[in-house]
Every structure is written in structure tokens, then in C-alpha cells.
Amino acid sequence: MKGAAAARLAKSQFPDVIVLDIMMPEMTGIKVAEALRETPVTGKITIIFLTALLTKAEEVHVGAGALQKYDVVAKTVDIADLIHRIEAAANS
């Protein structure tokens, strides 16, 4: 899905959790997250980034920059781990 379309969909559906890639067509996942944070209705949606830009070793060190506010999961992902993170975020 393109970034702008993802932002529009989130603003109309109000999901509990969104899993975004950082690299997306038209608009990066970070830009989508920032756009959602600017709107009170979508500002509280939990966003998890799933990306190939980081390795598993780097995943635990994401503490600075635009990603510090988000849960970040490196690809290749362990599906059980991703499901656990989504469920935990949805129940928080």
C-alpha cells in the first residue's frame, strides 16, 4: 500500500495497531506515522515498524532519531514475535 493511502485508511478506520514499513511508495512510513500523530483522533494509534533497514542486532538499539517513539522489528521477522507485539500493543 502507498503511504498516503495508508494514512487515509487509518484516519477512516481508526485501528488499534498499525504495522508499517519504513520504505513505502509516495510517503515513507515515518512520514505516515508523523501525519497520524498530528491528528488527535489517530495520534494514539500504536505503530510498529517492520523494516529491512535494520538487523536483529540493531533492532534493540533504536533509541535515537525518528524511530525512538516506536516499536521496531527487523525483517526477517519471527511471526510469533510480531503477533505477540501486536497483541500486546492492542491490549495496552
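Is Lys 2 buried, partly exposed or exposed? In this predicted model, Lys 2 is partly exposed, because its relative accessible area is 45%. The residue belongs to the segment before helix H1, and its side chain takes part in a salt bridge with Glu 26, in which the closest N and O atoms are 3.8 Å apart. Glu 26 sits in the loop between strand E1 and helix H2, 24 residues from Lys 2, and the pair therefore links distant parts of the chain. With a relative accessible area of 62%, Glu 26 is exposed.

In helix H2, Glu 34 and Lys 31 are 3 residues apart, about one turn of the helix. Their side chains meet at 3.8 Å, N to O. Glu 34 is partly exposed at a relative accessible area of 32%, and Lys 31 is likewise partly exposed, at 48%.

The other example is in helix H4, which spans residues 79-90. Here Arg 85 and Asp 81 are 4 residues apart, again about one turn of the helix, and the N to O distance of their salt bridge is 3.1 Å. Arg 85 counts as buried because its relative accessibility is 19%, and buried means under 20%. Asp 81, by contrast, is partly exposed, with a relative accessible area of 22%. Salt bridges that share partners join Asp 71, Asp 81 and Arg 85 into one network. The side chain of Arg 85 also reaches the backbone oxygen of Val 72, at 3.4 Å.

The largest nonpolar core has 18 residues, of which Ile 18, Leu 20, Ala 33, Leu 36, Ile 47 and Phe 49 touch the most other members. Helix H1 (3-13), strand E1 (17-20), helix H2 (29-37), strand E2 and strand E3 each supply at least two residues of this core. A second, separate core consists of 7 residues, including Val 17, Leu 50, Val 73 and Val 77.

When residues up to four places away in sequence are not counted, Leu 20 touches Gly 29, Val 32, Ala 33, Ile 47, Ile 48, Phe 49 and Leu 50. Among these contacts, Ala 33, Ile 47 and Phe 49 are also listed with Leu 20 as core residues that touch the most other members. Leu 50, in turn, is a member of the second core.

Phe 49 also has an aromatic partner. The count for the structure comes to 1 aromatic pair, formed by Phe 49 and Tyr 70 in an edge-to-face arrangement, with 5.1 Å from centre to centre and 85° between the planes. Phe 49 lies in strand E2 (residues 46-51) and Tyr 70 in the loop between helix H3 (56-59) and strand E3 (71-74); the two are 21 residues apart, and the pair links distant parts of the chain. Phe 49 counts as buried because its relative accessibility is 0%. Tyr 70 also counts as buried, at 9%.

With a relative accessibility of 78%, Ser 92 counts as exposed. The C-alpha atoms of Ser 92 and Thr 46 are separated by 9.3 Å, although these residues are 46 residues apart along the chain.

How values were computed
Residues numbered from 1 in each chain as written. Predicted model: local features only at pLDDT ≥ 70, side-chain atom pairs only at ≥ 80, totals over all residues. Heavy atoms only, no water. Phe/Tyr/Trp six-rings, centres within 6.5 Å; stacked < 30°, edge-to-face > 60°. Buried < 20%, exposed > 50% of the residue type's maximum accessible area, 1.4 Å probe, protein only. Core = buried A, V, L, I, M, F, W, Y, C linked by side-chain atoms within 4.5 Å. Contact = heavy atoms within 4.5 Å. Polar contact = N/O pair within 3.5 Å; in protein donor to acceptor, adjacent residues only side chain to side chain. Salt bridge = Lys/Arg side-chain N within 4 Å of Asp/Glu carboxyl O.
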